[in-house]
2 protein chains.
Amino acid sequence: MSQIAINFQDAQKAFLILKTLDKDKIAGFLEEMAKQIDAIRDDLIPTAARESHLPEGRITGELGRTLGQIRLFSALVAEGSWVEATIDHPDPDRKPAPKPDIRRMLKALGPVVVFGASNFPLAFSTAGGDTVSALAAGCPVLYKAHPAHPETSRMVAESIKNAVRISGLPKGTFHHIEGGIDTGQELVAHPLAKAVAFTGSYRGGKALFDACNARENPIPVFAEMGSVNPIFVMEGYLADRMDAAAAAYASSLSLGVGQFCTNPGLIFVPRSQEETFAAAVVDQLKEVAGAPMLHEGICHTYYQALETLTQSKKLKWLLHSEETDVLTGNVALAKIKASDWLADEAFQEEVFGPFGIMVVYEDRDQLHALAEKLKGQLTCTIWAEEEELQSSGDLLHLIEEKCGRLLFKGVPTGVEVGHAMQHGGPFPATTDSRSTSVGSYAIKRFARPVAYQDMPDSLLPEALKEGNPMAILRKVDGVWVNY
Amino acid sequence: MSQIAINFQDAQKAFLILKTLDKDKIAGFLEEMAKQIDAIRDDLIPTAARESHLPEGRITGELGRTLGQIRLFSALVAEGSWVEATIDHPDPDRKPAPKPDIRRMLKALGPVVVFGASNFPLAFSTAGGDTVSALAAGCPVLYKAHPAHPETSRMVAESIKNAVRISGLPKGTFHHIEGGIDTGQELVAHPLAKAVAFTGSYRGGKALFDACNARENPIPVFAEMGSVNPIFVMEGYLADRMDAAAAAYASSLSLGVGQFCTNPGLIFVPRSQEETFAAAVVDQLKEVAGAPMLHEGICHTYYQALETLTQSKKLKWLLHSEETDVLTGNVALAKIKASDWLADEAFQEEVFGPFGIMVVYEDRDQLHALAEKLKGQLTCTIWAEEEELQSSGDLLHLIEEKCGRLLFKGVPTGVEVGHAMQHGGPFPATTDSRSTSVGSYAIKRFARPVAYQDMPDSLLPEALKEGNPMAILRKVDGVWVNY
């Protein structure tokens, strides 16, 4: 039996034990995990910075986010109402047939395979949002480390294992696995795997999606595959704030060397303002020094993508990026006429790095056409005055159809971790637009409803017992109550 | 442009209008739909009975269920909290960066393709649970009628169209489409289709699942593909109620000529009680007269499946069913040793009709093995005394892993339509164990979360406006409140 097969057997055993644990035990484990990771911060931050080539300041921020995220899920589990407990009481006198007692709640899916992301060595990696939301749901995790930051991953894995031990959880709750594509394939092909979470490229995510649908028992794949996060600029907006807007765009485009899933790689600008705005953005971008990308492979792919685009006669380069060495990402900006953009979907493809395409549109009709042509996105941003958007017919609705998060006047980079966050969107941004990979609703990916019919109180899960011992919000006979 | 392509364009137009409507408008439309269908009941019942070969009494009950189901969704929409409105307030003073205002809710997916089922000409057909939950979510429906009951379907479709007109909804809200497999393929291949709902055979559901995953933009398929709904019988249970249990099993197995997705086609019985129990069941089943099945195709498939099973040396026939004519389904019962059942998955395949396999197990260990080997089911039923189940280790957890609904001491036929019902289960019972096709949570299949960041109140959906004009339950800064 392969090591992975052994891991899965351990995980399945752990799963059956996790099912029987009190919610406070899981919440306490997550709390302990945050504590263990925080305890190694002085070693972890420089290690992650060295391996990812990201500045220590950024890693420090990411660590804070990661710990906050773990504690958010700990609190969510301790509060307990995420299981959607729903009770319909019986009616033995109902005609023609008695009405049974039915009680429904969300239960953990089983062992989950999580793939680490290169661009967030902490927040979307070993103890990142996917791992933590799966554990919070009660699913053991088989974590496939990203090879770009192996030492960081090992350190965090040790912290998680410490927390598992200290909290008295079964050892099979968490597995740290290193390897290449073959390892990933073996993981998602195993019959005991019940779901997969992934953050990365379209190619990688789509391959997992296809593999998991082709299984004898298909399983859900929650792949966040990035997007170009367009900004829709309307005339009224730029009129008063040309320079501030240019600075905001340049800053968001180049933040973290453009290596965010929410990087605004596309901006739709009205022709009347395009020249002034472009000049202002270029002025800003010229000040942005090149910086090391995550690894040489990503840097190479970035320049290759720019090289391919350079072949197109339709793109006009406002700022061309030179490949200065094997690791440095330099910003680049091009523009294109809306009619040319509409004619070729290649200009919608994500270029992972600090590169943007400015699409110049003629009028409102063309702006509508751009929205209609757009593929699914994690985010769309609208830069408009309130009144001009209100008077734009169904533009807002058209744009909303294309994204998971809709911003007004801001920039899409910087994903808030909270209850209301939606980080997901229609295909190809993700493989499941009905899910989020950031925020507390991420836990719902790893659970499924189970209904119990006429089950005695002693055999029911705590959340469904008649006396509501967990004191959670429940839907009882159609009414939400917490007693 | 094909008629279906025109229908989709209409549906998409309707979708953008439905998005702007007040929830009471949708709720009123559903109420009107129930009224319109109820108004034709005197013609509808005999028509459905004639086309489905089901007794008028059964159809009358099914109509009641269908109307109740429509009204359940009307009430759900009117109440409004199903959208999971979630608000995280901003904090402009937060360091290092201000915290934005984020508001999240579920929004309709877009046009949905629904396939009618042959075994529920009303409750899972034209105005059945799939259609109604999609419409309730705000999704236009392209309904593919089942060819087994064309006139019934047309009559109900007219009622829905009347309700659309009377309620002032856009005409493209509902499309009634007749045709064969090609028509179904064209429907699910259309780029504007956003989801598919289906109830029927494994072959049909799996083909739709594969087709929709192979699309350029994959879409979710909610296929309920039936199952064998095992009953796990433990010794303590039968001891006191041998005859009553046999009668209950025989009645559930033969109800509706066995043509329910929840038909208990499998029963696990301890060897010590098997002979007595089998004899009692056979006594009951002998009294069950053959009855017409839904159509000749289903009847033919039923006898073909029995014929194939007859080839097996492992099965011992307790009651062999004779093919008396092209439409009549006669009950049949076979038994098999647990070790033989465990060795061949063919004995887990659903035989659609009044046929059951009794699996004879030796001891508790073998009962555990049976539970572990079992594929995903809509339901599992446990016949045990409370104490013996409590002392059976993780048997309850093992069984729970295999189903969407877990019954204690009852029979799985008879699916309650309510808030707590879960009608779904792990593959191959359905293609999405995280969804239900019966009960109010069915609406969630047809919606996805959208988050709005820093959106002015005037541009927010009603459910997310600061003043809570809909007065719905919302999660505000992590706390559920209805103000």
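Visitor: Why is the crossing of H3(B) and H4(B) called right-handed?

Guide: A crossing is right-handed if the near helix is turned clockwise from the far one by less than a right angle, and left-handed if anticlockwise. The crossing of H3(B) and H4(B) is right-handed. This is a predicted model: local features need pLDDT of at least 70, side-chain atom pairs count only at pLDDT 80 or more, and totals for chains, interfaces and linings use all residues. Residues are numbered from 1 along each chain as its sequence is written, while chains are lettered from A and ligands numbered from 1 in the order written.

Visitor: What makes H3(B) and H4(B) oblique?

Guide: Their angle is about 125°. Axes are lines fitted to C-alpha atoms, for helices over the stretch in contact, and angles run from 0 to 180 degrees between N-to-C directions. Under 35 degrees is roughly parallel, over 145 roughly antiparallel, 65 to 115 roughly perpendicular, and the rest oblique. H3(B) and H4(B) are therefore oblique.

Visitor: Which residues of H3(B) meet H4(B)?

Guide: Among them are Leu44(B), Ile45(B) and Ala48(B). In H4(B), the partners include Ile59(B) and Leu63(B). Contact means C-beta atoms, placed from the backbone, within 7 Å. By class, this contact has seven nonpolar, one polar and two charged residues. Ala, Val, Leu, Ile, Met, Phe, Trp, Tyr, Cys and Pro count as nonpolar, Asp, Glu, Lys and Arg as charged, and the others, Gly among them, as polar.

Visitor: How do you know that E4 and E5 of chain B pair?

Guide: Pairing takes at least two bridges found by DSSP. E4(B) and E5(B) have four, so they pair. Lys144(B) has Ile177(B) as its bridge partner. Helices (H or I, at least four residues) and strands (E, at least two) are DSSP runs, numbered from the N terminus.

Visitor: What is the strand order of the open sheet in chain B?

Guide: The order is E5-E4-E3-E6-E7, with parallel pairing. E5(B) and E7(B) stand at the edges with a single partner strand each, so one side of each lacks a neighbour in the sheet. Neighbouring strands are turned by 15° on average, direction ignored.

Visitor: Which strand of chain B gives the largest share of the side that touches chain A?

Guide: The contact takes 56 residues from chain B and 57 from chain A. E17(B) gives the largest share of chain B's side, six residues. E17(B) also pairs with E16 of chain A in the parallel sense, over three bridges. There, Gln453(B) is the bridge partner of Leu407(A).

Conventions:
Contact = placed C-beta atoms within 7 Å.
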